[in-house]
Amino acid sequence: MGRYLLRRLGFALFLVLAVSSASLLLTRLAPGDLATEQALSLDPAALVRLRGELGLDRPLTAQYLSWLGGVLQLDFGRSLLYGRPVSDLIGERALNTAMLALAALMLATIVGLPLGVYSGSRSRGVGRAIVRALSVVALSVPPLIGSLALVFLAARTGWLPVGGMTSASGAELTWAQWLADLARHLPVPALALALPLAATLERLQSQAIAKATREPFVAASRARGLDSVQAILRHAWPASLPSVLGLYGVMIGSLFSGSFVVEVVTAWPGLGRLMYDALKARDLYLVAGCAASGAFFLAAGTWLADVLLALTDPRVRSEEVV
């Protein structure tokens, strides 16, 4: 078990390094950089000086090796756009993404798992048909369309703010007022993230419950006098958890790595929005740092899924031992 988890951890670290390195190299090789974005307002001599100050005139190999040496010391360099350490910027934005991801994950879990248990434990019925139809719709709508639809609905009704994390006067609010303001801004982006996740959980849980209810031990529990609800909750649902947990960690990692489309559309200041700003400005160190953080959260979520799967399914541990 320990060797298995260590191997997975080693692969996760390799994934983070590979993704961040590829992001930096591709951004560096792409036409243009932060200095050329300002070329219209600079004369040629000033442009040369600016490129030298930013280190953009260095050879690609030297630039990459210098960056890699810093990464091995957990230093991702300074942002060319903001003039601040990349690690500080990522830490601030990761906290914002974490709040959004946790809200979306809790909402998706509260909605998706019970609906999956309900639809999977019934072979027919109007309620089951409605749940399945709603799941198909939620899975079919792209995140961009779903985000735009929710923003449009919020703008037309005026019930919720259409974008941002807090109001413009957020700095002047007390902690209680700031939390209340945050709670008003959270539903639109959280719903945009949660709806497809809830549909995914519903479909997966439904299939797992339907398979578990056909197992002999569930029929035996019914024969001992348990009603259908007790048999499902006490026997079928625990047996279906490994199938759900296998995907749960991946969803957690993808959420915490920042949903690019949702954060851009709703102007939520998270990792996805920071990545967009970095790409637009050709800020190669910030792009590499954002890519590394996204890969880290995805790898951590996958590793967590492996741990949960090994803890809930003895067959995984026995296969690794063999």
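Tutor: Start with the aromatics: Tyr64, Trp67 and Phe76 form one aromatic cluster. Keep in mind that this is a predicted model.

Student: How many aromatic pairs does a search of the whole structure find?

Tutor: Five aromatic pairs turn up when the whole structure is searched. One to look at is the pair of Phe296 and Phe297.

Student: What do I look at to describe a pair?

Tutor: You describe a pair of aromatic rings by the distance of the centres and the angle of the planes. For Phe296 and Phe297, the centres are 5.5 Å apart and the planes make an angle of 65°, an edge-to-face pair. Over 60 degrees is what counts as edge-to-face.

Student: Are Phe296 and Phe297 buried or partly exposed?

Tutor: Phe296 has 47% relative accessibility, so it's partly exposed. Phe297 is at 22%, so it counts as partly exposed too. The cut-off for buried is under 20%.

Student: Now the surface. Which residues form the nonpolar patch?

Tutor: Met106, Leu107, Ile110, Val111, Leu115, Leu191 and Leu195 form it, and together they have about 580 Å² of accessible area. Helix H5 (86-120) and helix H9 (187-212) are the elements that each give two or more residues to the patch.

Student: Which element gives the most to the nonpolar patch?

Tutor: That's H5, with five residues.

Student: And Ile110: where is it, and why does it count as exposed?

Tutor: Ile110 sits in helix H5. Its relative accessibility is 59%, so Ile110 counts as exposed, the cut-off being over 50%.

Definitions and conventions:
Residues are numbered from 1 along each chain as its sequence is written. This is a predicted model: local features need pLDDT of at least 70, side-chain atom pairs count only at pLDDT 80 or more; totals for chains, interfaces and linings use all residues. Side-chain values use heavy atoms; hydrogens and water are left out. Patches are made of residues with over 30% relative accessible area and no salt bridge: like charges are joined within 9 Å, nonpolar side chains (Val, Leu, Ile, Met, Phe, Trp, Tyr) within 5 Å. Accessible areas come from the Shrake-Rupley method with a 1.4 Å probe; for residues, only the protein chains shown count as cover. A salt bridge is a side-chain nitrogen of Lys or Arg within 4 Å of a carboxyl oxygen of Asp or Glu. Helices (H or I, at least four residues) and strands (E, at least two) are DSSP runs, numbered from the N terminus. Buried means under 20% relative accessible area, exposed over 50%, partly exposed in between (1.4 Å probe, protein chains only). Rings of Phe, Tyr and Trp (its six-membered ring) pair if their centres lie within 6.5 Å; planes under 30 degrees apart count as stacked, over 60 as edge-to-face and the rest as tilted.
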